[in-house]
Amino acid sequence: MSQRHPTWTMDPDDPRAPPREVWDAMSREEQDRVVAALPSETEASEAAPPEGDQHFDAQAGSKLTLRRHFGKLGRAVY
């Protein structure tokens, strides 16, 4: 029996799911094997979400407010 798609081999140093076209060509059992082989835990540094616009704007707005407040008092904020 010939395979319908190339065999997917996961790199243990860079574990990823296969490209969409390979994934779509896999049987459900093959997909289940890939999912089971993927890491299920991440380091805390990897789990931190990236800063989005809303977070940046809130942080920048807070800093600006503090600078204005302390600037009126003749002080600086670091």
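Visitor: Is D24 exposed, partly exposed or buried?
Guide: In this predicted model, D24 is partly exposed, with a relative accessibility of 48%.

Visitor: Which residue forms a salt bridge with D24?
Guide: The partner of D24 is R20, and their closest N and O atoms are 3.3 Å apart. R20 is exposed, at 56% relative accessibility.

Visitor: How are R20 and D24 placed in helix α1?
Guide: Helix α1 covers residues 20-25, and R20 and D24 are four residues apart in it, so about one helical turn separates them.

Visitor: Why can such side chains pair at all?
Guide: Side chains of opposite charge can pair because their charged atoms come close.

Visitor: How many salt bridges does the count come to?
Guide: The count comes to three salt bridges. One of them joins D32 and R28, with an N to O distance of 3.5 Å. Another joins D14 and R16, where the closest N and O atoms are 3.0 Å apart.

Visitor: Where do D32 and R28 sit?
Guide: Both belong to helix α2, residues 28-37; they are four residues apart, which means a separation of about one helical turn.

Visitor: How accessible are D32 and R28?
Guide: D32 is partly exposed, with a relative accessible area of 39%, whereas R28 is exposed at 56%.

Visitor: Let us look at Q31. What is its relative accessible area?
Guide: Q31, in helix α2, has a relative accessible area of 11% and is buried. The cut-off for buried is under 20%, so Q31 falls within that class.

Visitor: Which residues does Q31 contact, leaving aside its neighbours within four places in sequence?
Guide: With those neighbours set aside, Q31 is in contact with W23 and M26.

Visitor: What lies 2.8 Å from a polar atom of the Q31 side chain?
Guide: The backbone oxygen of W23 lies at that distance from a polar atom of the Q31 side chain.

Visitor: A change of topic: how many helices and strands does the chain have?
Guide: The secondary structure comes to four helices and zero strands, and along the sequence the pattern reads α-α-α-α.

Visitor: What percentage of the residues count as buried?
Guide: Of the 78 residues of the chain, 10% count as buried.

Visitor: Finally, what share of contacts join residues at least 24 apart?
Guide: Among contacts between residues at least 6 apart in sequence, 21% join residues at least 24 apart.

Methods
Residues are numbered from 1 along each chain as its sequence is written. This is a predicted model: local features need pLDDT of at least 70, side-chain atom pairs count only at pLDDT 80 or more; totals for chains, interfaces and linings use all residues. Side-chain values use heavy atoms; hydrogens and water are left out. A salt bridge is a side-chain nitrogen of Lys or Arg within 4 Å of a carboxyl oxygen of Asp or Glu. Helices (H or I, at least four residues) and strands (E, at least two) are DSSP runs, numbered from the N terminus. Buried means under 20% relative accessible area, exposed over 50%, partly exposed in between (1.4 Å probe, protein chains only). Contact means heavy atoms within 4.5 Å. A polar contact is a pair of N or O atoms within 3.5 Å; within protein, one must be able to donate a hydrogen and the other to accept it, and residues adjacent in sequence count only if both atoms are side-chain atoms.
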